[in-house]
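Me: I have a protein model open, and I want to learn how to read it. Can you take me through it feature by feature?

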Amino acid sequence: MKKDIRSLNLKELCSFFESNDFPSFRGNQVYNWLWNKSVFSFDEMTNISLQLRDLLKKEFVINHIKIDNIQKSKDGTIKNAVKLFDDLLVESVLIPVKNRTTACISSQVGCSLDCEFCATSKLKRIRNLNADEIFDQASTINLQSKHYYNRPISNIVFMGMGEPLLNYKNLILGIEKITSKDGLGLSPKRITVSTSGISKLIIKMADSQVKFNLAVSLHSAIEETRNKIMPFSVKFPLDELLNAIKYWNKKTGKIVTYEYIVWKEINDDLRHINALVKYCKASPSKVNLIQYNKTANSLFVSAEDNIIDKYIYELEKNRIPVTIRKSRGKDIDAACGQLANKLINQ
Ligand code: SAH
């Protein structure tokens, strides 16, 4: 199998040209086509001679993602079905917010975790995305944002399909590309990685002094409930998770955001509210209350507004910042937890 040329760094690319008796600056040119211009084929590299393009074609491939289908929501959200080189599909979403654009991108094909309320978990994990596939989603949505909204993307959230921390190496490499000058040059402060709470990998990130933000999908600060709705979390107890989050805060100075959905008869009582307040007070944090988006699992129903208000009231009383995340793109199944490749099954 031919190697993907984008797995080479600039130095490796330049030495490839030198060893084939071409000047090394050709490496810079090709690198620029690959990363700044994000081209899909060698034929688009118009300042490179045909002879050189043939050599590249003989040696390498460019496994660029392709947009298989685009759906637009009436609220302006755009969902992309993204085809990978091996014909697998993931989804990525462009979310316009006032005068900004957030890109929601996937990290895995399917997901190995088993959150009962999430449509993606029903797909099972097929494979990790490589760093280029992560980068391509961001750069594609960046182009779409320029095209449809006249502005580049301002933020990226890893809240698409998959568990980003279980694809650790490619996640970090992908973010490096996204933030580097050769890539999109986006500040890491504008990137948020959302995890279901893999404690040991939160510690690893803290040790690497990463500069992006961390969100943890908590949904309950009571072990028994959390284990029921997110069965894998039996392996990652809440106190261990909290220790990892404290460590993250100490090492990076950053405040974690807890993502939290309130469901009828699951976590809509005072016991759960008090447990969340206590958990939040143990380490600096913010809470993002997420509107539940219906999936096939009928056991999960959004709680009444007055319960959500009670959550907000108690959190604010305890000086814990709380925001509400409105659903976007619901009419095209592009909202959180709805990404499940409906297209494949049609
Ligand atoms: N695996 C990671 C990232 C993907 S999920 C994580 O769990 O954080 C992104 C966010 O969407 C998570 O907070 C997740 O809990 C939430 N989510 C999952 N299903 C949802 C649904 N049906 N409605 C609303 N949010 C959902």
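Reply: Start with the labels. Helices (H or I, at least four residues) and strands (E, at least two) are DSSP runs, numbered from the N terminus. This is a predicted model, in which local features need pLDDT of at least 70, side-chain atom pairs count only at pLDDT 80 or more, and totals for chains, interfaces and linings use all residues. Residues are numbered from 1 along each chain as its sequence is written, and side-chain values use heavy atoms, with hydrogens and water left out.

Me: What is the phi of Asp 21, the residue that follows H1, positive or negative?

Reply: The phi of Asp 21 is positive, near 65°.

Me: What caps the N-terminal end of H1?

Reply: Asn 9 does. One of its side-chain oxygens lies 3.2 Å from the backbone nitrogen of Lys 11. That is a polar contact: a pair of N or O atoms within 3.5 Å; within protein, one must be able to donate a hydrogen and the other to accept it, and residues adjacent in sequence count only if both atoms are side-chain atoms.

Me: Which residues of H1 are buried?

Reply: First the general idea. An α-helix has 3.6 residues a turn, so residues three or four places apart point the same way. Buried means under 20% relative accessible area, exposed over 50%, and partly exposed in between (1.4 Å probe, protein chains only). In H1, Leu 13, Cys 14, Phe 16 and Phe 17 are buried. Seen down the axis of H1, the buried residues fall within an arc of 155°, so they line one face of the helix. The arc is that of the directions from the helix axis to the C-beta atoms. Lys 11 and Ser 19 are exposed, on the face of H1 turned away from the buried side.

Me: What do the buried residues of H1 pack against?

Reply: They pack against helix H2 (25-35), helix H3 (50-59) and strand S2 (60-61). Contact here means heavy atoms within 4.5 Å.

Me: How many salt bridges are there?

Reply: Side chains of opposite charge can pair when their charged atoms come close. A salt bridge is a side-chain nitrogen of Lys or Arg within 4 Å of a carboxyl oxygen of Asp or Glu. By this rule the count is twelve. One of them joins Arg 6 to Asp 132, N to O, at 3.9 Å. Arg 6 lies in the loop between strand S1 (3-4) and helix H1 (10-19), and Asp 132 in helix H4 (residues 131-149), so the pair ties together parts that are 126 residues apart in sequence.

Me: Are those two residues buried or exposed?

Reply: Arg 6 is buried, at 4% relative accessibility. Asp 132 is buried too, at 9%. Arg 6, Asp 132 and Asp 136 are linked in a network of salt bridges.

Me: Where do Glu 314 and Lys 317 lie?

Reply: Both lie in helix H10, three residues apart, about one turn of the helix. Glu 314 is buried, with a relative accessible area of 10%.

Me: Now the sheet. What is the order of its strands?

Reply: In a regular strand the side chains alternate between the two faces of the sheet. Two strands pair if DSSP finds at least two bridges between them. Here ten strands form an open sheet in the order S3-S4-S5-S6-S9-S10-S11-S12-S13-S14, with mixed pairing. Its edge strands are strand S3 (66-72) and strand S14 (322-325), and each pairs on one side only.

Me: In which sense does S5 pair with S4 and with S6?

Reply: S4 and S5 are antiparallel, over six bridges. Ala 81 stands opposite Glu 91 in S5. S5 and S6 also run antiparallel, joined by five bridges. They form a hairpin with two residues between them, and Lys 98 in the turn has a positive phi of about 45°. Eight of the nine residues of S5 are buried, so S5 is largely enclosed by the rest of the structure.

Me: Which strands pair in the parallel sense?

Reply: S13 and S14 do, over four bridges. The bridge partner of Ile 290 in S14 is Arg 325.

Me: One last residue. Where is Ser 121, and what does its side chain reach?

Reply: Ser 121 lies in the loop between strand S7 (108-109) and strand S8 (127-128). Its side chain reaches the backbone oxygen of Cys 115 at 2.9 Å. A polar atom of that side chain also lies 2.9 Å from the backbone oxygen of Cys 118. Ser 121 is buried, at 4% relative accessibility.
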